[in-house]
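Open the model in your viewer and keep the selection tool ready.

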Amino acid sequence: MKARRKASAAPRRQVASAPGSEGPAVVELIAAQQGEVTYPIHVGPGADAALPALCEGADQVALVTCKRVLATPLGARVLAQLQATAPLAVVHLLPDGEKGKTLAELERAAVALLEAGCTRRSLVVGLGGGAVTDAAGFLAATFMRGVPWIAVPTTLLAMVDAAIGGKTAANLPVAKNAVGAFHPPRAVLADPDALLTLPARELSSGKGEVVKYGALDASLLSHFAEACAGTRIDPAVIAACARMKVDVVREDPNEHGPRKLLNLGHTYGHGVEAAGRFKRFTHGEAVAVGMAFAFRLARRLGRVGDAAVATVEAALARAGLPVRVPAALARDAVHHMAFDKKRTAAGLRWVLPRAEGGGWVVEWDVQAGDEAVAETVDEIAAGAGTPRRRTRSAKGKR
Ligand SMILES: NC(=O)c1ccc[n+]([C@@H]2O[C@H](COP(=O)([O-])OP(=O)(O)OC[C@H]3O[C@@H](n4cnc5c(N)ncnc54)[C@H](O)[C@@H]3O)[C@@H](O)[C@H]2O)c1
Ligand SMILES: [Zn+2]
C-alpha cells in the first residue's frame, strides 16, 4: 500500500494565436514523456493551429474521424486546415462510438489508407472522442508496422484521459479493448471549444474523470468540481487534469504502481457501468458513484471521517454527477466488479483515501473485507423516490 505523491497541477501558460480569433488565445503546452518518446499536449482554443507544422514531412495525411464530429465547427476547421496546408490523401469515417473500434473497421480503414496511396511515411490524424482516438491510434500503430499519428480529442473524457498515455485499442466481440498497442501520438491537440457541441451526457461523463483527478489531491477538489458546474469547462482545469495523467504515466509507464491511482472510483464504478448494461450510466457517471462508494468504504474502514465523505459527495453533486444508485443495481454492481468469481470482494485491491493533515491522500492496493463492502453497498443504495435513505447498518456506523 503506497501513498501518492502530490501532482504538479499549477497551470503553465503559453500564448499562441487561435485561428479566426481576434487576439492571442491561451494555449497550455504540456510535455508528455513515455519511455524514450516525448510529445507535446496543447490545450486551449485554437490548439489545432499546430496541425500544419506537425504534418510537415509526411508524404500523405489520413484524417480518421466520424460523421458526427466532422459535422461540428472544429471538424470543419480541421478538415479545411488539412486541405489547405497538408497532403491530405483521405478522410476516413468510422462508425460512431464503440462500433468504430472493431478489427473489421480497422481493416476497412487500412484498406482505405492503402487505396489513397498512404505509405510508411504517412501520418494519421485521429479527430474525435476516445473511441476514435483509440481506433485511429491503433490503426497508426499497425499500418505499415507503425506510422506517426496526432490525436485531436473532441470529448472531455478524451482530452483528460483517453488521448493521453499512448494506449490504443480495439474491441473484440467478447471483450472491450482486448487488442491494442502502446503507440504514443506525435502530439495531442485539445481545443475545449469542441465541447460546446458535445451532448450533455457525454460532457458529464468527462466531468466524472475531472472530479476524480480533483479527488486525488484534496486541495484541488473544490476547484475542479466548480469548474464542472456549468457547460463550459475552464481550459486550465482540462490542462491540469492532462498534466496529472502525464505525471502519473511518466512515473509508472507499465501500470505497476502509481498509475493505479487513476482507477479511483473505478472498481465499484465498473460494476455500476456493467450492472446498468453500459447504457444506464455513462462511464463518468458510474465512476462518480464509484468514488462516493470508495470514500464511504474508506470511512467504514476507519481511514477517513465524515468530512471527507461529505466533501467528495458535495463536489460530485456540484458537478451534477450521481452518488447513489437504486438498491437492486447497487447490489448487482458488486457481482460485476472486476474480480474472479472464485475470489471474494475481499480479494480485490481498492484505491482508497486515507486521512492526512486536513485532507487525505489516496492509496492503492488496499484490502477491504466482504462485510465492509456489503455495508457500503447498503449505503450507496437509494430506494426509488428516496434517494438519500440510509439503511440501518449504515446508520449504526455513524
Ligand atoms: N486509451 C485510453 O487510455 C483510454 C482511456 C479512457 C477511455 N478510453 C476509451 O475511450 C472511449 C470513450 O470515449 P468518449 O467518452 O470520448 O466517447 P466516444 O468517443 O464514444 O464519443 C461519445 C459521443 O460523442 C460524440 N462526439 C465526440 N466529440 C463530439 C463533439 N465535439 N461534438 C458532438 N459530438 C461529439 C461521438 O461521435 C460519440 O457519439 C472508450 O472506447 C474507452 O475505452 C481509452
Ligand atoms: Zn475512467
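Axes here are lines fitted to C-alpha atoms, for helices over the stretch in contact, and angles run from 0 to 180 degrees between N-to-C directions. Helices are DSSP runs (H or I, at least four residues), numbered from the N terminus. This is a predicted model: local features need pLDDT of at least 70, side-chain atom pairs count only at pLDDT 80 or more, and totals for chains, interfaces and linings use all residues. Residues are numbered from 1 along each chain as its sequence is written, while chains are lettered from A and ligands numbered from 1 in the order written.

**Stop one: two helices**

Select residues 266-275, helix α10, and residues 327-336, helix α13. They pack at about 110°, with axes 7 Å apart. The two are therefore roughly perpendicular (angles of 65 to 115 degrees). Now show the contacts (C-beta atoms, placed from the backbone, within 7 Å). On α10, pick Tyr-268, Gly-271, Val-272, Ala-274 and Ala-275; they meet Leu-329, Asp-332, Ala-333, Val-334 and His-336 of α13.

**Stop two: ligand 1**

Next, select ligand 1. Around it sit 28 residues (C-beta atom, placed from the backbone, within 6 Å). Gly-129, Gly-130, Ala-131, Thr-155 and Ala-162 are the closest. Elements giving two or more residues to this shell are α2 (67-70), α5 (130-142), α6 (156-162) and α7 (200-215).

**Stop three: confidence**

Colour by pLDDT, the predictor's confidence in each residue, from 0 to 100. The chain's mean is 89, and 88% of its residues reach 70 or more. Select residues 384-398: here pLDDT is below 50. Where pLDDT is low, predicted coordinates should not be read in detail.

Technical notes:
Parallel < 35°, antiparallel > 145°, perpendicular 65-115°, else oblique. Contact = placed C-beta atoms within 7 Å.
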